[in-house]
Amino acid sequence: MKSLSEKLLVLQDIEIKLKEITSKEYLEKTGFEIDESKISEIEEYKKKLENEIPPQYLRRFKALINRYNRAVAIVYEDACSNCFSRLPKGIKRPNDNEAITCNVCGVFLYFP
Ligand SMILES: [Zn+2]
């Protein structure tokens, strides 16, 4: 079973991808065309994943991604890779059904 923070991280990638492949600049830059079937395929995958995330986490995720285009940061050398603040000493990685947030910038933390 995948952990909650792993699911949030993948959901973030999906959100970024969807924004990217529907953006005018991206399409102009790459010469790609909007592929409607690919988009609906991704949308479907996204819905499936959202259904596996408890509503309180999903609400917070949506608020973060809509506002900052980022909702999850990978923990690297005991620091948040979004704001580069050191995490409090002795912070424990959450169990698989929980996700914790950075106490400085507020994004979810993914512990690799
Ligand atoms: Zn942070």
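This is a predicted model: local features need pLDDT of at least 70, side-chain atom pairs count only at pLDDT 80 or more; totals for chains, interfaces and linings use all residues.

1. Residues are numbered from 1 along each chain as its sequence is written.

2. The protein chain has 4 helices and 3 strands, in the order α-α-α-α-β-β-β from the N terminus. Helices (H or I, at least four residues) and strands (E, at least two) are DSSP runs, numbered from the N terminus. The C-alpha trace spans about 50 × 30 × 20 Å along its principal axes.

3. Of the 112 residues, 18% count as buried, meaning that 20 or more other C-beta atoms lie within 10 Å of the residue's own; exposed means 12 or fewer, and partly exposed lies in between, with C-beta atoms placed from the backbone.

4. The 3 strands make an open sheet of mixed pairing, ordered S2-S1-S3. Its edge strands, S2 (79-80) and S3 (108-110), each pair on one side only. Strands pair if DSSP finds at least two bridges between them. S1 (residues 72-76) runs parallel to S3 over 3 bridges, and alanine 73 has leucine 109 in S3 as its bridge partner.

5. Leucine 58 lies in helix H4 (residues 55-68). Because leucine 58 has 17 C-beta neighbours inside 10 Å, it counts as partly exposed. Its C-alpha atom is 14 Å from that of serine 3, 55 residues away along the chain.
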